[in-house]
Amino acid sequence: MSDMRKLAQLMEDLNTMLAGCMRCGMCQAVCPLFSVTRKESDVARGKLAMLDGLLNKMFENPDRVFEHLNRCLLCGSCAVNCPSGVKVLDIFIKARAILTAFIGLSTEKKIILRNILANPVNFDKILELVARYQRFFVKTVSNIPGTSCARVASPILKQRHFVPLAPNPFHRIVPYLNTPAGKSGIKIAFFTGCLIDKVFPNVAQAALRVFSFHEVGVFMPQGQGCCGIPSISLGDAKSFEKLLIYNIEKYKPFDFDHLVTLCATCTATIKKIWPLMASGSLVENLESDVEKLSKKVLDINQLVVSKIGVKTKNHENNNEKKIITYHDPCHLKKSLGVSVEPRTLIKLNKHYFFREMPEADWCCGMGGSFNLQHYDISSSIGERKRNNIKASGCSAVATACPACMIQLSDMLSKSNDKIEVKHTIEIYADSLKEHY
Ligand code: SF4
Ligand code: SF4
């Protein structure tokens, strides 16, 4: 059988899903990538047409299609606005995995994904080493607290103003927790996520103050792993499955009501991509175990507002209040439909006055590995977000995803804007101080 026929057979699963696209082009107007590049091949319609061409053996060059498929933020704006309900992200994720298995993974990606990321002990050790020595190759920039840039020209860091690794990751500050449910009657399992653990341990500590205030019982296992989004975004189903099994083993033996994360991307990955990729797995019980766990995952804003039940209060406005705005992470609003709860939490802090920015749910341009591979396009998309934040007149912007926090900090710091970037749970935890 020829290689192209073999590939078409592997892709046969996607046939019915691809058939749903009517080529109406509604996805074009909402695609942040197209807004910058104006290329049809960057829009969902263009990518779906290319996949269809591969499936029907009209193209001879899967590498080229793969390249186009990877030029995508996986923001979900196309999927949520598609009148035909095409499951665009499911198709893209599955197609990336099929094409990666067919074309092969580069040696460097294999080492990074399979030997480091999918091996949490190695991953933690390496990043702790980097954190220890990062001061030799980064320098602090003063406009936004915590942002840095490279001391020397670096092909990876480029002109980024990035948030450096924390000197102590959260798992060193609080290695393990298992506390009983108090008056809330709620017991959660806390899924920290890599960026919160290694870059924003202060945000995890704010969350612990919130859990303690509301007497929520917390189970947090030692040696947590990544949710797997970097692996599956790069098409490596092997390291993704290894992380799935690792995570299931960490949480399966324990009883809790909700699996809570502070990261919109982790929540969306556990809720949507874990079951998508575990479906039909040959690993014993993996599909059913994943289904049970993914049903329990909950974003922290949802936990506090919908499960603990805090209510909005009307505070008086005055000139001493700082103006704060909110950026909707794509994976929270578009993938999971959560947008009211984060705003409710912000409004509970009487020291801030909340003001919406224009286009609050327009993508910030981060897109995880997209930012690493296409920094210039990512920055152009981010520039629009920066202008909208600035237009709100705020002195702080809150969001509910650590990856968005990194992108917003970069954009604002490079423009020399004195605007703080915060997680919504930090804003809410601060509002509880007067009750301590
Ligand atoms: S993906 Fe949806 S919105 Fe885009 S062209 Fe196809 S049917 Fe239309
Ligand atoms: S996921 Fe986002 S970037 Fe990718 S095609 Fe859809 S709208 Fe464009």
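Helices here are DSSP runs of H or I with at least four residues, numbered from the N terminus, and strands are E runs of at least two. The model is a predicted one, where local features need pLDDT of at least 70, side-chain atom pairs count only at pLDDT 80 or more, and totals for chains, interfaces and linings use all residues. Residues are numbered from 1 along each chain as its sequence is written, chains are lettered from A and ligands numbered from 1 in the order in which they are written, and side-chain values use heavy atoms, with hydrogens and water left out.

Let's start with the second largest pocket. α7 (88–103), α8 (107–117), α14 (237–251) and α15 (264–278) each give its lining at least two residues. A pocket, on a 1 Å grid over the protein atoms alone, is an open set of points where a 1.4 Å probe fits, with protein on both sides within 12 Å along at least five of seven lines; lining residues have an atom within 4 Å of a point. This one has a volume of about 620 Å³, a volume being the space filled by probe spheres set on the points, which are joined across faces, edges and corners. Of its 26 lining residues, Ala97, Ile98, Ala237, Glu241 and Met277 lie nearest the centre. Domain 1 (3–102) and domain 2 (170–308) each contribute at least three residues to the lining, with bounds from an automatic or database domain assignment. By class, the lining splits into 13 nonpolar, 6 polar and 7 charged residues; Ala, Val, Leu, Ile, Met, Phe, Trp, Tyr, Cys and Pro count as nonpolar, Asp, Glu, Lys and Arg as charged, and the others, Gly among them, as polar.

On to the ligands. Around ligand 1 (a heavy atom within 4 Å counts as near) you'll find residues including Cys21, Cys24, Cys27 and Cys82, and the shell divides into 8 nonpolar, 2 polar and 2 charged.

What about the cysteines themselves? The structure holds 0 disulfides, a disulfide being a pair of cysteine sulfur atoms within 2.5 Å. Cys226 is in none, and the nearest cysteine sulfur, that of Cys194, is 3.9 Å away. Cys226 counts as buried because its relative accessibility is 4%; buried means under 20%, exposed over 50%, and partly exposed in between (1.4 Å probe, protein chains only). Cys21, at 17%, counts as buried too.

Finally, take Asp13, in the loop between α1 (3–10) and α2 (15–19). With 60% relative accessibility, Asp13 counts as exposed. Leu55 is 42 residues from Asp13 in sequence, yet their C-alpha atoms are 9.9 Å apart in space.
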